[in-house]
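User: I am new to this structure and would like to go through its salt bridges and its overall build with you, one question at a time.

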Amino acid sequence: MERQARCTLKVKGLDCPSEVPPIRSALDGAPGVCSIDINPPEGTVAVDFDPDVTDPSELADRVSRIAGMATEPLSEALAITPSLDEPDGSWRSRFGHWGWTTVSGLALVVGAAADWAGWFGWGSDRPGTLLAVAIGGYAVAILAGIVELLPKAWRALRRAHLGIHLLMTLAIGGAVLLGEWGEAATVAFLFGLAEALEAQSLARARRAVRSLLAVAPETAELIDPNGSTRIVPAEQVTPGRRVRVRAGERVPIDGRVLVGRSAVDQKSITGESVPVDKEVGDEVFAGTVNGDGALEVEATKPLRDSVLARTMTLVREAQARRMPLERSIERFSAVYTPIAVGLAVALMLVPPLMLQATGQSADWREWIMRGLVVLVVACPCALVIGTPVAVVSALASSARKGVLVKGGQFLEAIGRLRVLAFDKTGTLTLGDPSVVEVVPKVPDGAEQMLRIAAALGDHGGHVLGRAIARHARDQQLAVPSASDYRAEAGLGASGMVEASRYHIGSHRYVDQAGLCEESFHASIDNAAQEPGTAVVLSTTDGPLGWIRLADRPRPEAAGVLADLSRLGLHSVMLTGDNPATAAAIARELGLTDHRANLLPADKAQAVLELDAQHGPTGMVGDGVNDAPALAEARVSVSLGGIASASALEVADIVLMADDLRGLPWLVRHSRRTLAIIRQNIALAIGIKVLVLLLAIVGLADLWMAIAADVGTTLVVVANAMRLLRPGDLT
């Protein structure tokens with residue numbers, strides 16, 4: 001099995017989907033390349049590769065050589081904490097879009113002034129001089145306007161791609177050949193101006209996106225074993241080392257508080273608006289902001305493995321994944337552009353040939369100009385770019401709110417759901433049950449039962465087991481150790497405690513193991529009618545008794561379910577608990593649909609049934625025990641991102657702050673994103689159809705076409721960037 005590593009390549013000039021094909025063709029099929037994620041709004045390419053076959057430098061050289069775009073690999077530090085600046089040492093970049101646009105505009109003014117002087121009869125004694133000045137000014141305006149255009153047009157020509165740069169070059173060249181110097185210069189200037197404005201808009205979008213993520217400090221105040229301190233790069237802090245975090249500073253690494261107490265602002269990760277109190281033993285996370293108190297923190301993981309770094313990686317990967325609607329637009333554009341170009345060629349040739357065939361005079365110049373206008377209108381740039389900018393903006397604002405969405409497809413899917421299925425324990429409830437009743441089979445056996453059950457609970461880590469262990473220690477009981485621990489998902493577990501094998505779990509588990517007794521059935525069945533969950537403890541000789549635990553609903557759960565109902569979503573609770581407990585929690589939450597006594601496989605089947613009966617169904621769970629159901633759902637949502645690494649890996653969407661209010665917010669956010677994308681599509685197609693019709697009847701000039709095309713692009717980009725303002729969760 002081949003090894004895989006991931007690198008991020010920074011590609012200069014990658015700011016539009018039209019630049020994607022040459023990069024993909026350069027990397028597809030390259031030795032050692034496993035997968036490619038291209039992110040035009042960020043100007044990056046993420047590559048999974050086999051490090052035994054190739055390396056990031058070779059991949060960057062390959063893109064530079066084949067695609068003709070300057071490329072360099074980003075360091076690990078830059079991949080974790082992206083820079084807001086984009087330095088480029090080339091003279092062309094230093095001069096920039098605006099420099100060439102300014103030169104083009106000034107030259108256009110000179111050429112137009114000389115042209116108009118001739119029209120008004122000024123300088124009639126030197127008409128040749130005025131004509132030379134006019135053509136010279138127009139020529140300079142054209143040359144300055146196409147400095148940034150020609151390289152991209154050449155790349156498009158080499159791969160026979162009908163992009164805006166090639167189409168615009170043909171339009172300008174055609175106007176020059178027809179002697180329309182003023183028209184060609186105006187188009188070159190307007191296109192350069194539009195490109196500069198578009199680049200500035202996209203750069204602003206990128207800066208806004210990166211500023212949401214670039215929150216980790218670059219350095220840390222490391223405490224040496226002798227007590228002295230020194231400043232080191234944050235990525236050099238290894239697990240077990242201690243760092244000092246002064247008041248008002250950002251925490252540089254994930255770790256555990258050793259000394260001090262403070263309130264820490266975790267908004268950058270969880271979206272929580274209220275700082276969280278931290279004291280000795282509590283976890284803190286890289287990128288969060290320390291309050292008024294000083295802390296000494298022991299690193300528990302390197303910066304590259306921190307919650308912040310994993311979140312940034314997932315956000316970048318999500319930005320590179322296209323939603324189905326985006327792929328549909330690209331497929332449409334791939335068909336639409338050649339058809340429009342064919343229409344332009346037909347408009348240049350068919351009408352004048354038909355006129356000549358009928359004995360009429362044909363104005364070839366007029367029809368060719370109309371065809372050139374259609375060429376400009378043919379470019380689908382506004383149509384294609386509006387969607388990825390909207391998706392990137394929406395994903396970034398979600399991350400800022402502590403809602404991590406792993407791809408545009410999931411952002412789209414959550415807004416289309418008709419059903420949301422919820423796990424009960426730890427999702428709709430706090431997941432922190434308490435022991436409310438211990439019923440031993442023999443008198444005075446309660447303490448021994450708690451000791452044994454606590455030993456098994458310590459080993460397993462299930463929420464009920466942990467609650468029993470906590471209760472036993474609160475009673476100051478001596479908890480023995482367990483060995484040979486064996487768990488059966490959704491049922492229970494067994495283990496050796498004090499040289500005897502014990503079984504703990506549901507009544508079904510003990511009964512299936514053949515360890516229950518007829519006289520015990522009635523007792524445990526009565527317990528099952530009470531709110532909470534009854535856990536049976538048994539030896540190989542039979543049951544010792546049962547322990548009942550009860551959980552509490554999350555404070556926000558009932559309001560969230562009501563909000564989802566108002567949004568048109570049907571909510572269902574799926575639980576492995578007994579029907580009485582499930583019904584009691586459902587009543588308290590206002591749920592009308594719940595299913596109890598479900599094993600993990602039963603939950604997965606329930607999700608499939610709900611999807612077939614009601615429509616697209618999502619699943620909200622803890623990311624571990626509910627894995628089968630999460631896998632079957634259209635969208636899987638997990639809580640507890642900052643506490644569970646598995647949640648970040650398993651779920652499509654992670655609510656980092658353990659706050660269910662992120663769900664209705666995300667549904668609204670998704671629907672708003674889809675609405676803005678539809679607005680952009682309607683605007684782009686509507687403007688193009690209008691200008692196309694005007695061009696066919698001869699009422700649109702080249703400068704009108706370019707103004708409409710790139711002006712529309714700027715409008716859809718600005719409209720998409722509204723998604724960077726996400727609003728409140730409540």
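User: Is Arg230 buried or partly exposed?
Analyst: This is a predicted model, in which local features need pLDDT of at least 70 and side-chain atom pairs count only at pLDDT 80 or more, while totals for chains, interfaces and linings use all residues. Residues are numbered from 1 along each chain as its sequence is written, and side-chain values use heavy atoms, with hydrogens and water left out. Buried means under 20% relative accessible area and exposed over 50%, with partly exposed in between (1.4 Å probe, protein chains only). Because its relative accessibility is 41%, Arg230 counts as partly exposed.

User: Which residue does Arg230 meet in a salt bridge?
Analyst: A salt bridge here is a side-chain nitrogen of Lys or Arg within 4 Å of a carboxyl oxygen of Asp or Glu. The partner of Arg230 lies 3.0 Å away, N to O, and this partner is buried, with a relative accessible area of 15%. The residue is Asp224.

User: How many residues apart are Arg548 and Glu437?
Analyst: Arg548 and Glu437 form a salt bridge whose closest N and O atoms are 3.0 Å apart. Arg548 sits in strand β21 (residues 542-550) and Glu437 in strand β16 (residues 434-440), where strands (E, at least two residues) and helices (H or I, at least four) are DSSP runs numbered from the N terminus. The pair therefore links distant parts of the chain, at a separation of 111 residues.

User: In which helix does Arg365, the partner of Glu180, lie?
Analyst: The closest N and O atoms of the salt bridge between Glu180 and Arg365 are 2.8 Å apart. Glu180 belongs to the loop between α7 (164-177) and α8 (181-213), and the two residues are 185 residues apart. Glu180 is partly exposed at 27%, as is Arg365 at 37%. Arg365 lies in helix α12 (residues 364-378).

User: How many salt bridges does the structure hold?
Analyst: The pairs discussed above belong to a chain with 26 helices and 26 strands. The number of salt bridges in the structure is 24.

User: What percentage of the residues in the chain is buried?
Analyst: The chain has 730 residues, and it exposes about 31200 Å², of which carbon and sulfur atoms supply 56% (Shrake-Rupley method, 1.4 Å probe). The buried share of the residues is 53%.
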